[in-house]
Amino acid sequence: MTEREQRRIFEQWLGEHRGIFFKIVRAYAFTPADQDDLFQEISLQVWKSIPDFRGESKASTWIYRVALYAALAWTRREKRQPATQPLAAVEYTLTIRAEPIDERLDWLYDQIAGLEPVDRSLCLLLLDGFSYREMAEMVGISESNVGVKIHRIKQKLRSEV
Amino acid sequence: MEFDEMKVIWDSQSNQKLYAINEDALFGQIRRKSRSVDHLVGMVEWVMIAINLLVGIVLVVDTWRGAGPAYEYAFPALYFVYFAIAVYAQQTRKRAEVGFASTLLGELEKALWQINQLIRQARRMILWYLLPIVAVGSVVVWLNGKPLWSLAMLLLLPATYFASGWEINKFYLPKKESLESLRETLLAEPNQ
């Protein structure tokens with residue numbers, strides 16, 4: 001695959017599915033610098049995954065899986081080794097728009113942020129309407145395990161309210 | 001609040017444009033990062049292939065020009081053997097990587113497999129790579145009438161052994177433990 005073709009697909013995915021990128025960035029990173037760093041990491045991993053995409057699943061499912069793994073790996077790495085790049089050297093790729101913020105959504109993201117990183121992935125998938133079977137296929141665990149985890153996540157979210 | 005109500009809030013964000021993307025900067029970063037060698041396994045393999053091939057060629061040319069005794073060809077021959085092994089190991093690794101499932105767990109298991117490969121590689125390096133090279137090299141140097149250089153080569157072994165252990169403990173084992181812990185979390189069946 002040529003870089004030009006790869007870029008065309010990436011631009012198409014970014015245009016159609018940018019919501020997935022943003023949701024994961026917002027659920028896993030909490031400062032503008034971290035959000036930018038995670039967005040770059042997710043973009044890089046999605047970009048690198050394009051030659052492996054065979055169209056056997058929907059592009060959105062593929063992007064979700066790659067992006068969630070990138071976010072989990074990023075979270076694990078950040079815990080051990082926070083970024084040390086000086087702020088002046090950073091060229092931001094992501095900027096928060098000055099639009100009115102939906103406070104309920106902010107609250108919901110706060111609840112999601114309180115979950116363990118792996119549970120956050122399942123919570124995002126559930127909120128985006130994926131079935132237990134789809135989640136099991138995407139994560140690689142049994143459907144019953146997904147069910148048990150989701151039950152616990154729902155309980156935790158309910159108890160936080 | 002019930003989950004269905006949360007879902008309604010969640011779905012409301014579809015019309016929100018929270019972030020603006022600087023696409024030029026993004027592509028610049030992607031290009032920069034994808035060019036940098038970020039796969040440690042791949043990098044180590046290519047370094048091994050290149051070093052063994054180059055050293056083998058240099059030594060063959062050097063030995064041939066010097067018109068020394070035939071035993072001196074043992075040293076470059078060893079490097080060509082390692083070059084062949086390194087190419088074979090790379091191909092085997094690439095074939096093995098295809099077998100991992102396209103899931104989060106599959107990605108995790110692939111990362112774990114890669115880190116285990118690195119640890120094994122670092123440990124085998126001493127026994128199967130450095131030891132024969134140092135042994136053959138020091139004998140060749142000794143036979144050429146340079147016993148001090150021969151001894152100096154032998155002293156490299158313990159130093160490399162400790163450096164390799166440090167590399168494993170400092171870089172690979174923490175990463176492996178962290179990946180294992182993530183896999184355990186993913187596979188754990190919580191009590192209801």
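Here is a quick tour of a model with chains A and B, starting with chain A and ending with how the two chains meet. The model is predicted, so keep in mind that local features need pLDDT of at least 70 and side-chain atom pairs count only at pLDDT 80 or more, while totals for chains, interfaces and linings use all residues. Residues are numbered from 1 along each chain as its sequence is written, and chains are lettered from A and ligands numbered from 1 in the order in which they are written.

**Chain A at a glance**

- Chain A has 7 helices and 1 strand, where helices (H or I, at least four residues) and strands (E, at least two) are DSSP runs numbered from the N terminus.
- Reading from the N terminus, the order is α-α-α-β-α-α-α-α.
- Of the 161 residues in chain A, 35% are buried; that takes 20 or more other C-beta atoms within 10 Å of a residue's own, with 12 or fewer making it exposed, anything in between partly exposed, and C-beta atoms placed from the backbone.
- Among contacts in chain A with a separation of 6 or more, 71% join residues 24 or more positions apart; a contact here is two C-beta atoms, placed from the backbone, within 7 Å.

**Two domains**

- Chain A splits into domain 1 (1-99) and domain 2 (101-161), with bounds that come from an automatic or database domain assignment.
- Where the two meet, domain 1 of chain A supplies 12 residues and domain 2 of chain A supplies 10 residues.
- On the domain 1 side, helix 1 and helix 3 of chain A each give two or more residues, and helix 3 of chain A has the largest share with 6 residues.

**Helix 2 and A:Glu41**

- Helix 2 of chain A covers residues 32-49, and its 18 residues should span 26 Å at 1.5 Å a residue, which agrees with the 26 Å between its end C-alpha atoms; the expected span is 1.5 Å times one less than the number of residues.
- Buried residues in this helix include A:Phe39, A:Ile42 and A:Trp47.
- A:Glu41 also sits in helix 2 of chain A, and A:Glu41 counts as buried because 22 other C-beta atoms lie within 10 Å.
- Setting aside neighbours within four places in sequence, A:Glu41 is in contact with A:Ala70 and A:Trp74.

**Nonpolar cores**

- The largest nonpolar core holds 53 residues, and A:Ile24, A:Val25, A:Ile42, A:Ala67 and A:Ala71 have the most contacts inside it; such a core is a set of buried Ala, Val, Leu, Ile, Met, Phe, Trp, Tyr and Cys residues joined through C-beta atoms within 7 Å.
- Helix 3 of chain A makes the largest contribution to this core, 11 residues, and both domain 1 and domain 2 of chain A put in at least three residues each.
- A second, separate core of 9 residues includes B:Met48, B:Leu78, B:Tyr79 and B:Tyr82.

**Where chain A meets chain B**

- In this interface, 41 residues of chain A are in contact with 37 residues of chain B.
- Helix 7 of chain A gives the most to the chain A side, with 7 residues.
- That side divides into 19 nonpolar, 8 polar and 14 charged residues; Ala, Val, Leu, Ile, Met, Phe, Trp, Tyr, Cys and Pro count as nonpolar, Asp, Glu, Lys and Arg as charged, and the others, Gly among them, as polar.
- Strand 1 of chain A pairs with strand 1 (residues 19-21) of chain B in the antiparallel sense over 3 bridges; pairing takes at least two bridges found by DSSP.
- Within that pairing, A:Ile96 has B:Tyr19 as its bridge partner.
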